[in-house]
Amino acid sequence: MTRIFISHSHSDQAIAFRLVNFLLAALRVEEEEILCTSNPNQGLTYSSHSITDQLKHKLKTSEAIIILITLDSLHSAWIPFEAGSFWTTDKPVIPILGKGLTQNNLPGPLKSFLSIAMDTPDFTDKLNSAINQLADKLQIEQRFTTRRNHTLQEFFQHLKDWKSKYPNSNRSQQQQIEELTRQLRELQSFHDKQLAEIETTSQQEKEQIKQSYLTQIQELQQSNQDQQQLEKILTSQIQELEQQLQQAQSFLIAQQQVEQFLKSKIQQLEQLQPTTIVSEIVSKTEEVELRSARGVDYTKLYDLLKQKQWQEADEETAKLMLQAANRENSDLRIYDIENFPCEDLRTINNLWLQHSNSKFGFSVQDDIYVGLGASRESESQVWEQFGYLVGWRRGKHWREYEELTFDLNLAPQGHLPTVWMNLSAQNRTSFFFLLSFNL
């Protein structure tokens, strides 16, 4: 819920941030109860509602508004709009004026509100007094600590050191062009008069006038360059938002594909005959022969799986596969995968199937992978979907090994073993074809 709305120009973001810090130090309120749109933690949300609709809602539900006005934001169209929403209400309105501004500078309905000008000698006292009245009005408990004084001084110093970053940033591009054109015309007229007068002046005076004219031209050109730089920044921000939207859409499509795959698997299971299921379970209960073409001893793996020690069995599987490939303390290479002994692959897979009631095993993973439409050309497209289904991926991130589920009842189908979880894309493709042709 928004209790205090901070109305300001985004070019004054640094000052508004210090104002929020002061309010949090002076009042017992939570950060989410203060709306400061330039603060990433307090700004508006990306939703189907427009910025104007969101602002209307926030202004309507806010209990008070603090208006931060500098020379940059003086001509902003948003400031009178936001302040005007409080004009006909009994809600507190506190305008804070930056350097060089007085009550007379306020436009439209803002003049009817009593403001606190930075140029007055008792600025901090007046601001503290205004916060006291605001706390009484909203029935908010205050904090009287050294941090309150420190954040107030820090806000005052930033307001005092304020410098315009984007001249006329709150005016439309057309207005700025018209203003620059007008100034250039006035300057040209002034220059023509000066040329007529300097005919009788000394050469030194002529040079001074000429230099002054050139300096003014350069300043106007610099203002135009600043405007172009601002447009580049806004364009970059829009492009970044579009990229984020595309990523979100891609993630949604992947989720929908996973959902369709799960539905198809459920339909397949519903169509299976009971006698078929029983015969498969019976075959899985038969004792697995611990065969190996490379003389690998699978007794320890058998014992670990029989005792339901799934994590230890997963780690033992990785070690045994390296041993069967004649590798030590390294990942499997393409050569190792393509020449991996089929007899050992079947022994490992059958041990996992037997002791997990066919929930874990390479053949289970291969069925899921094939069901997603994996091929040499589409491997990278289905790999993330496969990660979601077997529980190796959560949201937009792959899970760390310690985050996996080593529980038969809680783990998804095909969650273990994890031998090919960290293989490169090229090695995964080779491993996929090894499983498809040998299991």
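Residues are numbered from 1 along each chain as its sequence is written, and side-chain values use heavy atoms, with hydrogens and water left out. Because the model is predicted, local features need pLDDT of at least 70 and side-chain atom pairs count only at pLDDT 80 or more, whereas totals for chains, interfaces and linings use all residues.

**Overall composition**

The protein chain has 15 helices and seven strands. Helices (H or I, at least four residues) and strands (E, at least two) are DSSP runs, numbered from the N terminus. Of the 439 residues in the protein chain, 40% are buried. Here buried means under 20% relative accessible area, exposed means over 50%, and partly exposed lies in between, with a 1.4 Å probe and protein chains only. Among contacts between residues at least 6 apart in sequence, 66% join residues at least 24 apart; contact means heavy atoms within 4.5 Å.

**Helix packing**

Two packed helices are described by the angle between their axes and the distance between the axes. Axes are lines fitted to C-alpha atoms, for helices over the stretch in contact, and angles run from 0 to 180 degrees between N-to-C directions. Angles under 35 degrees count as roughly parallel, over 145 as roughly antiparallel, 65 to 115 as roughly perpendicular and the rest as oblique.

| Helix pair | Angle between axes | Distance between axes |
|---|---|---|
| α1 (residues 13–26) and α5 (residues 146–160) | about 165° | 8 Å |
| α9 (residues 299–306) and α12 | about 15° | 9 Å |
| α12 (residues 342–355) and α15 (residues 425–438) | about 85° | 11 Å |

Helices α1 and α5 are therefore roughly antiparallel to each other. The crossing of α1 past α5 is left-handed; a crossing is left-handed if the near helix is turned anticlockwise from the far one by less than a right angle, and right-handed if clockwise. On the α1 side, Ile15, Arg18, Leu19, Asn21, Phe22, Ala25 and Ala26 meet Arg147, Arg148, Thr151, Leu152, Glu154, Phe155, His158 and Leu159 of α5. By class, this contact of α1 with α5 has eight nonpolar, three polar and four charged residues. Ala, Val, Leu, Ile, Met, Phe, Trp, Tyr, Cys and Pro count as nonpolar, Asp, Glu, Lys and Arg as charged, and the others, Gly among them, as polar.

The angle of about 15° between α9 and α12 makes α9 roughly parallel to α12. Leu301, Tyr302, Leu305 and Lys306 of α9 make the contact with Ile348, Leu351, Trp352, Gln354 and His355 of α12. Six nonpolar, two polar and one charged residues form this contact of α9 with α12. In this pair, α9 passes α12 in a right-handed crossing.

Helix α12 also packs with α15, and these two helices are therefore roughly perpendicular to each other. Cys342, Leu345 and Arg346 of α12 are in contact with Leu434, Leu435 and Asn438 of α15. The contact of α12 with α15 has four nonpolar, one polar and one charged residues.

**Burial and cysteines**

Alanine 16 lies in helix α1 and is buried, at 0% relative accessibility. Leaving aside its neighbours within four places in sequence, alanine 16 is in contact with His8, Cys36, Ser38 and Leu68. Isoleucine 67 is 51 residues from alanine 16 in sequence and 9.8 Å from alanine 16 in space, C-alpha to C-alpha.

Cysteine 36 is buried, at 1% relative accessibility, and cysteine 342 is partly exposed, at 27%. The whole structure contains zero disulfides, a disulfide being a pair of cysteine sulfur atoms within 2.5 Å.

In helix α13, seven of the 10 residues are buried, so α13 is largely enclosed by the rest of the structure. The buried residues are Phe362, Ser363, Val364, Gln365, Asp366, Ile368 and Tyr369.

**Backbone geometry**

Most residues other than glycine have a negative phi, and most peptide bonds are trans. Glutamine 139 has a positive phi near 55°; glutamine 139 is in the loop between α4 (123–138) and α5 and is exposed at 71% relative accessibility. Asparagine 357 likewise has a positive phi near 55°. The loop between α12 and α13 (362–371) holds asparagine 357, which is exposed with a relative accessible area of 66%. Just after α13, glycine 373 takes a positive phi of about 85°.

The peptide bond from leucine 416 to proline 417 is cis, with omega near -5°. Proline 417 is placed in the loop between β7 (397–398) and α15.
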